[in-house]
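Morning, everyone. Let me put the model up, and then I'll walk you through it.

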Amino acid sequence: MQSAMALSFSQTSFTRPNHVLGSSGSVFSTPRSLRFCGLRREAFGFSTSNQLAIRSNRIQFLSRKSFQVSASASSNGNGAPPKSFDYDLIIIGAGVGGHGAALHAVEKGLKTAIIEGDVVGGTCVNRGCVPSKALLAVSGRMRELQNEHHMKSFGLQVSAAGYDRQGVADHANNLATKIRNNLTNSMKAIGVDILTGFGSVLGPQKVKYGKDNIITAKDIIIATGSVPFVPKGIEVDGKTVITSDHALKLESVPEWIAIVGSGYIGLEFSDVYTALGSEVTFIEALDQLMPGFDPEISKLAQRVLINPRKIDYHTGVFASKITPARDGKPVLIELIDAKTKEPKDTLEVDAALIATGRAPFTNGLGLENVNVVTQRGFIPVDERMRVIDGKGTLVPNLYCIGDANGKLMLAHAASAQGISVVEQVSGRDHVLNHLSIPAACFTHPEISMVGLTEPQAKEKGEKEGFKVSVVKTSFKANTKALAENEGEGIAKMIYRPDNGEILGVHIFGLHAADLIHEASNAIALGTRIQDIKLAVHAHPTLSEVLDELFKAAKVESHATTRTVSEKVVV
Amino acid sequence: MAVSSSSFLSTASLTNSKSNISFASSVSPSLRSVVFRSTTPATSHRRSMTVRSKIREIFMPALSSTMTEGKIVSWIKTEGEKLAKGESVVVVESDKADMDVETFYDGYLAAIVVGEGETAPVGAAIGLLAETEAEIEEAKSKAASKSSSSVAEAVVPSPPPVTSSPASAIAQPAPVTAVSDGPRKTVATPYAKKLAKQHKVDIESVAGTGPFGRITASDVETAAGIAPSKSSIAPPPPPPPPVTAKATTTNLPPLLPDSSIVPFTAMQSAVSKNMIESLSVPTFRVGYPVNTDALDALYEKVKPKGVTMTALLAKAAGMALAQHPVVNASCKDGKSFSYNSSINIAVAVAINGGLITPVLQDADKLDLYLLSQKWKELVGKARSKQLQPHEYNSGTFTLSNLGMFGVDRFDAILPPGQGAIMAVGASKPTVVADKDGFFSVKNTMLVNVTADHRIVYGADLAAFLQTFAKIIENPDSLTL
């Protein structure tokens with residue numbers, strides 16, 4: 001179902017021509033390829049005999065089903081017959097994680113329901129990745145058009161670029177609506193029951209939703225996600241002191257905005273705001289901006305994304321108190337030293353965006369009914385996403401994926417975890433390798449990464465006794481990047497010279513977010529450098545940046561003798 | 001670093017973000033060493049007096065034209081280590097890149113003055129280089145005095161964890177409370193601070209005109225004496241005087257004896273450049289007589305309320321332009337009409353040896369009294385040279401009035417970037433004949449409009465002038 005998973009499941013050599021599926025009626029009438037958060041792809045086009053089986057099952061069991069909800073029979077394509085449970089799988093939360101799990105569950109023949117207390121799509125689609133990409137698409141173009149030097153070097157002449165704030169905001173909102181509808185339809189079309197209301201766990205295998213609807217399921221997945229984290233002392237009024245939820249509506253473009261937190265969210269918004277003419281002040285609790293990125297990447301990124309722009313910053317400080325603008329006063333931000341807690345400074349700005357991370361949304365989930373104690377709000381899980389209760393034992397048939405478990409707070413990670421859980425409940429053990437999950441920050445240029453940072457890899461190497469090497473390449477050495485006048489950027493790969501294992505790849509440069517997947521796939525599939533370096537990249541493309549890394553790496557072991565044709569599965 | 005170095009070398013051509021550069025200027029001899037030597041043991045310095053050995057300071061190099069300060073990424077050598085000429089000593093991070101700095105002298109790295117992670121301004125001593133091993137101690141004591149003083153004044157962004165003991169942290173609050181108790185601290189926007197640094201403007205001395213009295217980028221630019229970079233229609237910078245001087249000297253006969261050459265002021269250079277530029281625009285002129293009896297009567301009425309003739313004429317022109325937008329347009333690229341969204345009347349004013357055109361913005365919309373008030377303000381500012389760029393370069397139509405000198409008619413040169421300019425002569429009693437052949441004496445003024453014929457055609461201008469004349473002859477609408 002996911003293109004990434006298709007490799008592992010399409011074991012059959014029997015591939016159905018697509019047009020047969022296409023003629024199967026209104027059930028499959030939704031668009032076949034949707035993108036969520038730039039990473040998810042619903043790919044019915046790849047469907048094999050598996051899907052055909054579901055379809056025939058559906059017809060066979062149609063009459064036997066007892067529906068408790070309003071979903072019409074014709075749109076219900078759940079496969080397995082009800083045993084003593086209403087459903088095989090109930091997912092609480094229809095964000096991207098829940099959605100990914102639901103689609104995969106249906107593919108696996110599970111009768112599935114998804115409960116949503118708000119709007120389908122969750123944070124990613126409505127208040128996160130999706131609308132922010134719309135704003136960043138605008139900021140990228142503005143930045144380019146405003147860069148006279150850049151335009152001139154192309155021989156282009158552009159008169160003053162301007163923007164209409166409402167138009168930009170509408171673009172973001174329309175995109176979110178479109179993706180939300182796509183998401184909803186994609187689930188309806190294959191017969192996932194979408195139950196509306198706040199869901200909670202009543203007991204083992206029992207869920208309540210809405211006022212007093214009680215349903216049972218063999219397995220339950222909690223996928224309730226997260227909300228913006230607002231540290232205490234900060235008063236959010238939604239107008240001048242805002243979180244990403246408000247900022248994405250772009251109701252105003254302040255002249256001067258302070259951004260608290262310089263992680264992904266803060267960085268992306270700084271890109272948007274500065275392109276639209278705001279000046280930005282970063283407030284970062286750690287000593288360095290952009291914590292969490294590979295140090296070398298964050299240093300270069302700072303040179304490109306921070307220093308030349310209308311941005312300044314305070315590091316090593318907490319915003320202990322933020323008061324919204326009122327009574328003719330600007331927004332007041334009190335800064336204290338992060339270590340000594342001594343007052344340091346007071347800032348007066350037009351607006352403040354709180355981007356200090358996200359807090360799990362797990363209140364009122366009825367976790368006490370199954371003796372689960374959250375840790376700072378996160379639901380403890382093992383490596384298979386099985387929920388661990390207060391005594392440290394596994395809660396049977398209960399799983400938690402996505403931001404709510406805090407393992408890796410990324411939309412596509414939630415989805416991958418959901419798929420992993422579905423694999424397990426349908427009888428196939430699966431452990432997700434989190435080190436193969438890529439992450440991206442959609443600034444201009446973009447930053448992307450997968451696996452370990454250089455310091456992490458070195459630490460691991462020292463502990464486990466292997467050597468760690470690093471290769472780097474510059475976008476200045478890439479023809480396509482130069483043709484685009486976008487030579488700024490580097491890519492680095494951290495690897496084991498003894499066996500050619502890729503430990504981490506970090507890219508800062510044009511389309512870095514799209515480039516990372518060759519590396520993340522290699523890590524996920526265990527492909528070694530000595531093998532992948534023989535793969536061919538089209539010239540001239542940005543993908544040659546990675547090719548350059550693979551070829552520059554010095555690996556002691558030789559390429560495995562397998563021929564390329566043997567590796568083709570599909 | 002160490003582990004990666006092998007692969008670094010193998011891909012040397014690709015590691016563009018880091019390069020090896022050596023700087024002769026980064027290491028310079030310090031002649032003060034003689035003074036220090038008196039405190040050192042007699043055995044070593046007696047000899048060195050004659051040799052005149054040196055302790056050299058290693059300076060923070062300027063790694064790029066925009067670099068004002070640098071951060072020490074790492075010291076490659078440790079204190080006491082021997083250095084050979086050409087060896088990398090320290091890695092410095094500038095605003096652009098990390099660079100290895102090499103030494104140009106043999107010797108010993110005697111002391112590190114600025115530690116790793118610390119920042120020093122360009123030109124500041126970051127370490128000391130001793131020529132002989134014996135001088136290391138001496139250099140160290142020198143470094144100690146140096147670092148203690150520099151730490152006191154330098155704001156160290158991230159002190160190494162060892163030194164940031166609670167004791168030093170407790171010492172900090174004093175200045176902080178002093179700041180918060182102070183009358184009013186300086187608030188400057190991020191870009192303002194950047195510009196101040198770039199143009200070496202003391203941000204404390206800049207008067208803030210932004211919201212809540214904060215210092216904005218344009219305040220800094222004003223303080224630095226440069227035109228804000230934002231305004232796209234800012235007058236081009238004056239051409240370098242030598243060029244014009246040469247051009248005139250080569251084409252013209254030599255000056256008469258005792259003649260003097262006075263170079264253009266910046267304003268005069270700008271005028272000169274604009275005038276030359278105007279030659280590239282195909283212009284034509286249309287004149288029109290306007291009866292001003294009614295206007296004069298109105299003027300007498302509103303004069304006590306502070307209304308000036310300039311305001312009346314600007315208002316009339318503004319109202320006429322509103323009906324003939326093409327005359328308010330301009331031709332920027334020779335291919336299109338640029339219709340301006342507002343009607344901004346620039347009015348030419350002679351100011352001690354210069355010529356400037358303060359702009360009455362939205363002349364069609366503001367009422368006469370506001371316009372008059374605004375005009376007084378602008379003239380005051382123009383005299384004291386305090387006009388902001390948008391107050392003199394945002395005009396969409398220019399008005400030039402020489403009537404007060406008794407000039408009855410003249411024509412004006414069209415300023416670049418505008419579509420038309422109106423030259424107004426004096427209003428004089430004139431004998432006019434009406435259609436029935438009756439003669440009468442009426443106050444008549446001649447106006448002459450010069451326009452860019454690429455966008456404004458004869459009929460356009462004639463129609464505009466007709467509208468203008470109608471407004472002047474029935475001026476009641478001006479006071480509405």
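I'll start with the ground rules, then go to chain B, then to a patch on chain A.

This is a predicted model, where local features need pLDDT of at least 70, side-chain atom pairs count only at pLDDT 80 or more, and totals for chains, interfaces and linings use all residues. Residues are numbered from 1 along each chain as its sequence is written, chains are lettered from A and ligands numbered from 1 in the order in which they are written, and side-chain values use heavy atoms, with hydrogens and water left out.

Chain B has 14 helices and 18 strands. Those are DSSP runs, numbered from the N terminus: helices are H or I, at least four residues, and strands are E, at least two. Of the 480 residues in chain B, 40% are buried. Buried means under 20% relative accessible area, exposed means over 50%, and partly exposed is in between, with a 1.4 Å probe and protein chains only.

Now the rings. The whole structure holds six aromatic pairs over all chains. One of them is B:Phe337 with B:Tyr339, stacked, 5.8 Å centre to centre and 10 degrees between the planes. Rings of Phe, Tyr and Trp (its six-membered ring) pair if their centres lie within 6.5 Å; planes under 30 degrees apart are stacked, over 60 edge-to-face, the rest tilted. B:Phe337 is partly exposed, at 38% relative accessibility. Ring pairs also link B:Phe397, B:Phe464 and B:Phe468 into a cluster.

Over to chain A. Where does A:Leu156 sit? In the loop between helix H7 (148–154) and helix H8 (165–189). A:Leu156 is partly exposed, with a relative accessible area of 45%.
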